[in-house]
Amino acid sequence: MTSTATAPPSSDARPDGPSTSPTPRQPKRIAFGHRLTKWDLKLSPYLYISPFFILFIVIGLFPIAYTAVISFMDWDLVRNTGTFIGFDQYVYVLGQPKFWIALRNTFSIFLLSSVPQLLLAIFIAAMLDQNIRAKTFWRMGVLLPYVMAPVAVALIFSNMFGDKYGLVNTLLGNVGIPPVPWHSDAFASHIAIATMVNFRWTGYNTLILLAAMQAIPRDYYEAAAIDGAGKFRQFTAITVPSLRPTLIFVIITSTIGGLQIFDEPRMYDQYGTGGADSQWLTITLYLYDIGWGQWNFGRAAALAWILFLIILAIGVINLLVTQRVVRDEGRRDAGTRREQRRAAASARRSLAARTEATAEPEPGPAPTDTTIDTPEVPR
Amino acid sequence: MKLSRRTKALAAVAGAASIALLASGCASGDAGADSADGPIELTVATFNDFGYTDELLQEYMDENPNVTVVQNKAATSNDARANYFQKLGKKGLADVEAIEVDWLPEVMQYSDLLAEVPADVKDRWLDWKVDAATDADGRLIGYGTDIGPEGVCYRSDLFAAAGLPTDREEVAKLLEGDWAKYFEVGADYTAKTGKAFFDSAGGTYQGMINQVEAAYEDPDSGDIIATDNAEVEDLYNQVLDASATQSAHLGQWSDDWFAGLSNGAYATMLCPGWMLGVISGNAEGVTGWDVANVFPNGGGNWGGSYLTVPANGAHVKEAQKLADWLTAPEQQIKAFVNAGTFPSQTEAYSDEALTGYVNEYFNNAPVGQIFTDRAKAVDVAPFKGEFYFQINDAMQKALTRVEDGTQDKQASWDQWVSEVQAIG
């Protein structure tokens with residue numbers, strides 16, 4: 001039945017095909033091939049991207065979820081067992097004065113390192129952007145501290161910031177300034193640790209900002225120079241505004257890095273537990289001590305999740321600020337999606353209002369100037 | 001064509017499978033050879049330097065031709081600790097694993113996962129060394145290796161400048177007594193020179209608290225008694241009263257403390273046997289360091305290690321035999337000669353290699369004999385439960401807060417009390 005319906009046209013259509021009488025299997029084979037092609041089209045893209053996601057599930061998602069499970073337990077690492085205790089670990093961590101001190105320290109060190117670091121990086125990048133001799137030498141020079149391992153940096157700086165026989169206090173003493181208690185005063189210790197971070201990361205940020213600066217069309221500067229703008233005015237009116245998207249990237253990465261700061265405070269003294277009065281105890285240092293010092297993985301997991309939520313919250317704040325302040329590089333003249341939608345909606349509204357208003361006297365086509373009237377995207 | 005290709009593939013698969021079978025057959029045969037005389041490989045995991053040289057291990061292999069011993073050295077005790085607890089009770093630990101007394105209390109919570117030391121070798125060690133590694137059920141789980149009996153290291157040149165005796169026997173006589181006596185001499189020294197007598201309150205307190213039998217926890221119930229223990233509070237006050245004038249306020253192992261070893265920032269320091277190497281290594285060229293055969297308030301021990309045999313290892317019997325051999329007095333003497341690890345075996349104390357040992361750096365002090373005497377003077381095995389090190393760590397920080405002037409004595413004590421109450 002089926003063969004009579006399908007076989008003749010196929011043999012007719014393809015005279016150079018198999019001359020033998022078509023078997024009923026042939027269409028099946030084609031159908032299977034078709035199905036394969038169909039699967040190929042639909043599934044292949046997912047298969048091609050799957051290695052990343054499988055890897056992400058195994059080494060990213062699974063540990064995160066497992067951490068969440070453990071954070072609700074009193075976990076015994078060695079015996080691999082735990083008893084479910086609800087939110088007790090979270091309550092305990094949030095009730096610890098040490099946690100809040102650690103949070104304070106983390107933000108303090110973060111601000112002390114990020115703000116001067118960015119200002120300095122912009123300045124150095126602007127200098128490197130000028131026409132100077134031996135460009136590559138200077139550019140590699142600023143990156144040199146970044147090549148050093150953080151632990152090595154921390155070791156050297158910790159020695160320099162020794163309370164009694166450290167280099168810094170000796171130098172201060174030579175100019176008549178009393179020694180700074182680097183390891184007992186909280187603020188002094190934050191400055192010392194922030195110095196290590198700045199030493200290592202300023203050059204890195206400088207290079208990123210320098211790359212962004214070089215992407216600014218030189219025509220802008222020429223035009224500004226013709227208009228009589230000096231170097232400083234050019235810098236504030238052209239360079240800085242053009243750097244905004246890059247700055248947001250740099251700020252986000254340094255936020256993530258700053259909130260997870262570990263190596264420097266850990267190596268700051270011989271114990272690595274954040275000081276006798278928790279002067280430079282950071283969140284990750286506290287987390288490490290609970291996990292690997294006290295083997296209390298349930299509590300450490302709870303703290304890890306709290307840290308995750310803090311970073312998430314700050315990430316969201318960052319995102320909101322970004323949307324408000326900075327436009328995407330790719331659409332220099334368009335607003336953000338939301339602004340575009342809003343603009344489109346208000347345009348539609350005003351169009352509707354006009355057509356309605358003009359509908360009674362003259363039901364003709366809407367005036368052409370409505371399209372021009374659509375509100376400009378706020379810059 | 002197709003068929004032949006498939007057969008080829010099949011043949012290849014079959015071949016691979018048979019090789020795999022052979023391989024797994026070999027592996028299972030290996031595992032079953034525990035009691036038989038088949039060749040086996042034993043792994044020993046240590047850290048720092050236990051003095052187990054290749055030559056020493058070769059001796060064992062010569063005596064036991066069927067055994068190959070491989071040593072894995074971790075760089076620090078902390079690395080070893082992290083590795084130990086991540087793998088204990090699971091797979092991956094060495095057949096013989098070294099542990100340090102600092103984390104022995106944590107290991108004791110899992111004593112059921114370790115093989116018991118046979119009763120017939122228990123007499124080998126000092127009593128307090130055995131007691132510390134015996135759990136509530138009376139099972140001894142650690143083969144003692146070395147200990148850290150404490151004496152007093154002092155700078156004879158600084159003592160001379162203060163008009164104090166410089167000869168090590170006279171210094172021993174001078175300091176003979178309790179802690180009050182030690183601080184009395186310190187007050188005298190400080191009054192005469194205006195300089196610090198000891199390095200830090202923390203290091204000195206460590207020597208004091210290691211003489212208290214039940215400092216922070218009740219040995220029977222394991223409950224935390226630290227904050228109500230009058231003995232602890234007395235020591236806290238005693239050491240801080242003295243440190244106000246007599247301490248150099250240099251926390252142990254800090255960069256400043258290391259600098260103080262050579263620049264004479266302090267005149268004395270409590271000194272376990274292994275500290276001699278730290279001093280001579282970090283204060284090269286300083287000629288004044290000497291060591292006195294005395295310790296305030298009797299004997300004291302700081303540090304030391306054990307070997308353990310995980311109970312789920314592949315060759316438990318053979319591993320026990322090896323641990324037994326390594327911790328026998330003869331081998332421990334060799335380890336002492338190799339790395340200066342002071343033996344915990346009583347029989348070793350009469351050995352000429354130990355008693356005759358002289359340290360050139362410390363003005364040719366007979367340190368072998370001195371520390372043998374110091375080891376015999378130790379008469380307390382302090383109880384260290386689950387939270388001992390957390391509480392002691394908080395105490396060290398409390399002392400540091402007073403020393404660096406962040407808090408006064410009472411405020412720091414109060415903070416310590418609240419921290420201890422949050423533990424658990």
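Is the crossing of helix 8 of chain B and helix 10 of chain B left-handed or right-handed? The crossing is left-handed, a term for a near helix turned anticlockwise from the far one by less than a right angle, with clockwise giving right-handed.

The model is predicted: local features need pLDDT of at least 70, side-chain atom pairs count only at pLDDT 80 or more, and totals for chains, interfaces and linings use all residues. Residues are numbered from 1 along each chain as its sequence is written, while chains are lettered from A and ligands numbered from 1 in the order in which they are written.

**Helix packing in chain B**

Helix 8 (residues 179-193) of chain B packs against helix 10 (residues 230-246) of chain B at an angle of about 15°, and their axes are 10 Å apart. Helix 8 of chain B is therefore roughly parallel to helix 10 of chain B, the term for angles under 35 degrees. Axes are lines fitted to C-alpha atoms, for helices over the stretch in contact, and angles run from 0 to 180 degrees between N-to-C directions. Helices (H or I, at least four residues) and strands (E, at least two) are DSSP runs, numbered from the N terminus.

From helix 8 of chain B, B:Trp179, B:Phe183, B:Gly186, B:Ala187 and B:Thr190 meet B:Gln238, B:Ala242, B:Thr245 and B:Gln246 of helix 10 of chain B. Contact requires C-beta atoms, placed from the backbone, within 7 Å. Four residues of this helix contact are nonpolar, five are polar and none is charged. Ala, Val, Leu, Ile, Met, Phe, Trp, Tyr, Cys and Pro count as nonpolar, Asp, Glu, Lys and Arg as charged, and the others, Gly among them, as polar.

**Domains and chains**

Domain bounds come from an automatic or database domain assignment.

| Chain | Domains | Centres (C-alpha) |
|---|---|---|
| B | domain 1 (40-147 + 303-355), domain 2 (148-301 + 379-422) | domains 1 and 2: 29 Å |
| A | domain 1 (28-70), domain 2 (89-326), domain 3 (334-355 + 368-374) | domains 2 and 3: 43 Å |

In chain B, eleven residues of domain 1 are in contact with 13 residues of domain 2. On the domain 1 side, helix 5 (127-132) and strand 8 (301-308) of chain B each supply at least two residues; the largest share, three residues, comes from helix 5 of chain B. That side divides into five nonpolar, four polar and two charged residues.

The contact between the chains takes 20 residues from chain A and 21 residues from chain B. The chain A side has seven nonpolar, eight polar and five charged residues.

Methods: Angles under 35 degrees count as roughly parallel, over 145 as roughly antiparallel, 65 to 115 as roughly perpendicular and the rest as oblique. Two residues are in contact if their C-beta atoms, placed from the backbone, lie within 7 Å.
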